[in-house]
Number of protein chains: 4
Amino acid sequence: MVSDGEQAAFEAGIKLGALYHQWVGTPISRATAESVEQAIEGAVGLQPYVQEIRVRLNRDLMTENPFGYSELSGKMFAVEIVTEYGGARCTAELHDTGEYPLMSIRQIDEAP
Amino acid sequence: MVSDGEQAAFEAGIKLGALYHQWVGTPISRATAESVEQAIEGAVGLQPYVQEIRVRLNRDLMTENPFGYSELSGKMFAVEIVTEYGGARCTAELHDTGEYPLMSIRQIDEAP
Amino acid sequence: MVSDGEQAAFEAGIKLGALYHQWVGTPISRATAESVEQAIEGAVGLQPYVQEIRVRLNRDLMTENPFGYSELSGKMFAVEIVTEYGGARCTAELHDTGEYPLMSIRQIDEAP
Amino acid sequence: MVSDGEQAAFEAGIKLGALYHQWVGTPISRATAESVEQAIEGAVGLQPYVQEIRVRLNRDLMTENPFGYSELSGKMFAVEIVTEYGGARCTAELHDTGEYPLMSIRQIDEAP
């Protein structure tokens, strides 16, 4: 038996792992960051069990290479996602701890 | 409060979502499939909380394009992963249902 | 010695190879396709020697999976790119031949 | 008209752009680096017009994160590729200049 809370956590993990590895490496700059945030939110929002998705990319880390742009790295991500499965709701996040882009569950509770 | 079972499920989801989106699109053939399987298993095995990872790629779907190779697609994956977190163990998988490459939890139980 | 035409062709190839492998696998639907097109155009436009980039994704191929969305595949791409290097200009494209998403040079000439 | 040298350069660019964006972000360590190098070489070697491909990943940059592994970044790549098209042969590379992972043509000449 698998509980609804476990299922909701599993689904949140899938989406965070997926978005990280889909998008890391994308050429990016402060001028294009918003467009990339919207594309990521749109893509994640299509996937099953996703209730909310919010992606912010840290402009401060977008230092320019010799050609004037940057590359999306794991440390730039600040993501909050909410998944629902049956009666459970999972809120999880991806954020930079300073030394690692960490994915973690913030809370799991009963869906409203 | 988040249970160990929920944490183990979250970690399994991260790894499945990550490997799918990291590797889809890779040029592949029957001759190179084993090398790709090993590279994926090696990469996933480095990540936290992973106890076991087994990746098989369906050679039957590796039909040749006009240039004699194929491209790794989601439907080719047969993956089984075991994660452990605290006192819980999660066994999850990615497999093709015939119409979708589905990620699902097979079982969650107390770690031995 | 490497000619400007060869350099312009090399740069066009880099961008087409990069965008294909960066974006294949992204969850997508007809409703989000435009946002993804814009994000790709914005990302490619940042890279050196790119003068023009136009990305269209074939909505007809965005058939819905059981969860109501699709996944960006190589056959969906219709891309035209113009690079300039020194005195040369290269126009290249990525389009589906029916059996393969082919990248090809359309023409190389002197930059205006 | 497009020359064989321009075509060979275009094909080399495609492969370098593709491998970079396909593989950046992969979990990696000194213990798994060789397996990843082989998988990349195998994948690139399948693609059209590739005569030689050599991939070395800089172990010195594989510093461990808090979980004991690293992530493949653009600066780790040292790649040499040879493509042939008609009567032309292009040797190109991807290497870290210290501030940028640069793709460049080393030489183009008549195929032997």
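**Exercise 1.** Through which surface do the copies, chain B and chain A, meet?

*Solution.* Start with the model: it is predicted, so local features need pLDDT of at least 70 and side-chain atom pairs count only at pLDDT 80 or more, while totals for chains, interfaces and linings use all residues. Residues are numbered from 1 along each chain as its sequence is written, chains are lettered from A and ligands numbered from 1 in the order in which they are written, and side-chain values use heavy atoms, with hydrogens and water left out.

Step 1. Contact means heavy atoms within 4.5 Å. Of the interface residues of chain B, 100% are also interface residues in chain A, so the copies meet through the same surface.

Step 2. Chain B is superposed on chain A by a rotation of 180 degrees with 0.0 Å of shift along its axis, at an RMSD of 0.0 Å. The two copies are thus related as by a two-fold rotation axis. Such copies are superposed by least squares on the C-alpha atoms of residues with pLDDT of at least 70 in both.

**Exercise 2.** Find where A:Gln7 lies and whether this residue is buried or exposed.

*Solution.* Step 1. A:Gln7 belongs to helix α1 (residues 4–23) of chain A. Helices (H or I, at least four residues) and strands (E, at least two) are DSSP runs, numbered from the N terminus.

Step 1. The relative accessible area of A:Gln7 is 14%, so this residue is buried. Buried means under 20%, exposed over 50%, and partly exposed in between (1.4 Å probe, protein chains only).

Step 2. Leaving aside residues up to four places away in sequence, A:Gln7 touches A:Val2, A:Tyr85 and B:Ile105.

**Exercise 3.** Describe the interface between chain D and chain C.

*Solution.* Step 1. Contact joins 23 residues of chain D to 23 residues of chain C.

Step 1. The two chains bury about 1800 Å² between them, 69% of it on carbon and sulfur atoms. In chain D, D:Glu6, D:Phe10 and D:His21 lose the most area to chain C, together 34% of what that side buries. Buried area is the accessible area (1.4 Å probe) that two parts lose on being put together, summed over both.
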